[in-house]
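Hi everyone, thanks for coming. Today I'd like to walk you through how the chains in one model meet each other.

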Amino acid sequence: MPEPLLEIEDLSVTAGDRTLVHAVDATVARGGSLGIVGESGSGKSLTCRSVLGILPPGLATGPRTAIRFDGIDLTALAPRDWPSIRGDRIGAVFQDPGSYLTPSMTVGRQLGEVLRVRGGLGRREARDRAVDLFAATGLPEPARVYGQYPFELSGGMLQRALIAIAICREPDLLIADEATTALDVTVQAEVLDLLADLRERHGLALVLVSHDLAVVAQVCDEVIVMRDGEVLERGTAAEVLRAPRHAYTRSLVEAHARYGIERFRSHA
Amino acid sequence: MPDRTSPLLKVRDLAVSLGRGRARREILHGVDLTVRAGEIVGLIGETGSGKTTLARTVLGLNRVDRGTVRVESRPVHGLRGGALRAFRRAGAVQYVFQDPLQSLDPDLPLGRSVGEALEVRREPGIAERVADALRLVGLDPDLAGRLPGEVSGGQRQRAAIARRPVVRRAPAAAVRANRSARSTRRTRTSVLELLARLRDGNRVGQLFISHDLGSVAGVTDRVAVLYRGHVVETGPTAQVVSAPTHPYTRLLIGSAPTVDGGGLGRAERAALRAELVGKAAS
Amino acid sequence: MGAVLRHRLGVASLVVLAAMVLLGVLGPLLAPQDPLVQDPSALLQGPSAAHLLGTDNLGRDVFSRLLAGSRLSLLAALEAVAVGLVLGTVPGLLSVYLGRVFEWVTLRVMDAFVTLPFLVFAVAMTALLGNGLTQAMFAVGILISPVFYRVTRAAAFPVAGSQYVEAARLTGAPAWFVLRRHVWPKVLPAVAVSAAGLLGSSLVIVSSLTFLGIGIQPPEPTWGGMLATDLEYLYQRPTAPFVPALLIILTVGACNGLADALRDVIGAPRGGRVRA
């Protein structure tokens, strides 16, 4: 087992006396990948938010919860220490890319600002680096995109721009929470390619969250399946797809086989 | 008995433009589409394909530049005002919105929304028929008095579907997929199952509109692939999925996340993309 | 409405307004004396057993005049709000439905109304239609109609483009059905808040106009008119303006309080709102 980068132990999330997430354990190795599958309300997003320290108001992690990132206990982290972790060492992208960008600023300036403020780069350097990052995330004509406003970009391009912002500080871990859900299937495939690419080229560890088992299995080595705040099943992607142990996981695989295009391929 | 040779819905050479003045663009460039009785046709199109425009045009919400829309052989694309309302009241075409949250009035009890079509037509026995429709989609008739915000997402979805069978005669139906609020696969499949059950013998033809072939392939008899305002490929679902001819269809199928690892590799998809760009240029 | 009764400010405002309405309705009956009868032997007297609040410069009983004046003042304010409501809400609803030409024309007309100075316009209208409170308040109604127009449009616009309205149209429902069933219930709360607020403003306008002698024939008592007279004889009766001023402030305050309460109640999550 390679050195663990992120260790989640006995994670529980409570809202008053209600427990929304129970006893989740998960580990992501340096450069590794973990897929979390579940419907809305399964606790998969709350798990991500706990790691990022951005639980909604009124929600808190339980007393026995331990989240260790590269040896740092995130549950005990002081608010002033979060910026050196979130953004710098853990990047994140979410479902609706448009709502994470300022509409009145070009996407290039928004990325450039992060590079200047957090990275201490000069104006020119920040610009060049931003264009490089846009190119690295597969945006066509990156220099042109630099000067464009969010409304001028398609959903797929916005998500690429946000991925560029998320990885600009060269984090060790990227959390993608339903990051491809709102995208067209053909665009989703490209963004998933990009995430796999970033892992290979930069050794970025990845936590990919999706309602679709197939999406997760395409990119991740390890998969956990969640429902109602609990982990039902865990294993390698191949194991979970080929021999699901839990009835719920089986129903997810079967739904694909029955309604998806797999049905026609297996008969062909 | 429905005549199998005369389609319930026949769209011929349909061209539609949207926008005004200089912003006016042709969205559909001569689309052909047929839905016969007892058949479920999937209309697959991604962002910018024109699928929403096509659905809205079939429902009489857009004007046509060219071509025809016929429902049971009757041209409906030119209907206006009272004639259009009378055609809608007759219920020959029913529409199921994908996103139940937005298609149900948040301040209106579910039963009122479900029975709205009957109320508009001033039909008797609305309460009983609403209860029947709710039972048909697997809901407790007592939910009729609840507001959409007081029931679960799955129940809302079913209530939205119950708007349709409440009308007795329903030859053609359309579902619009809303990507921004994509439901989880499980609720989606249960919805698809439900709609498939509502085929109503073989009298009803259904048109499923989706951006995702993978999520509707299993319940459709035929599919039509819409790309940039053209139907680039159409045929029996099994045939289109197993032996797609158009590069866009191949890209679409090869991009779909699957559990059998049968998708296309990155290089193959890049090649298809290049072929599409070449096609557009020529 | 029940929720307003659980709102402290709402209850207080309703109590004050109910008292004012009661004064308006029963005022003339309760008045111990005829508010128009002059008594030359008792001019500008202070409070006494015969005249609870004293007499004015013509020897008329101030208490009786205040009671009589409350009806006129309130009716005038109500008239202005009613006129504004009809002139604003109806085109506001239609502007969302009748297409671009109607929308453009009504928007320009409403913009023009907003720019009119209300005193000058009210004076012009009374010159045109004759000097009477009804005419003056009609003018005020016209001037406040843009508020109703804007509020109605703002509330109706998102509803008109919603999927549930589209779903209703696809059942073949005529426009009036859609308006009554789906649009009006969403517009009504916003209009109610504006109406309560504007009732207060209209009362101030009525008082100002009558204070200036616009729209009022001299013997008729109104709060504003009495305030004007009282101020003329401030030296003789220094505390006199206090009562009509207090009535105006109380009523306007209650109207604004009710508007605030309504807004709080409507803004709070209701059963119809969606849970996440």
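First, a term: by contact I mean heavy atoms within 4.5 Å. With that in hand, chain A and chain C have no contact, and their closest C-alpha atoms lie 10 Å apart. Two pairs of chains do touch, and chains A and B share the most contacts of the two.

A word on the model itself. It is predicted, so local features need pLDDT of at least 70 and side-chain atom pairs count only at pLDDT 80 or more, while totals for chains, interfaces and linings use all residues. Residues are numbered from 1 along each chain as its sequence is written, chains are lettered from A and ligands numbered from 1 in the order in which they are written, and side-chain values use heavy atoms, leaving out hydrogens and water.

Now let's look at chains B and C. Their contact takes 32 residues from chain B and 23 residues from chain C. Together they bury about 2500 Å², with 52% of it on carbon and sulfur atoms; buried area is the accessible area (1.4 Å probe) that two parts lose on being put together, summed over both. On the chain B side, B:R88, B:D107 and B:E116 supply 20% of the area buried against chain C, more than any other three residues.

How many salt bridges are there between chain B and chain C? There are five, where a salt bridge is a side-chain nitrogen of Lys or Arg within 4 Å of a carboxyl oxygen of Asp or Glu. One of them joins the side chains of B:D107 and C:K186, at 3.3 Å from N to O.
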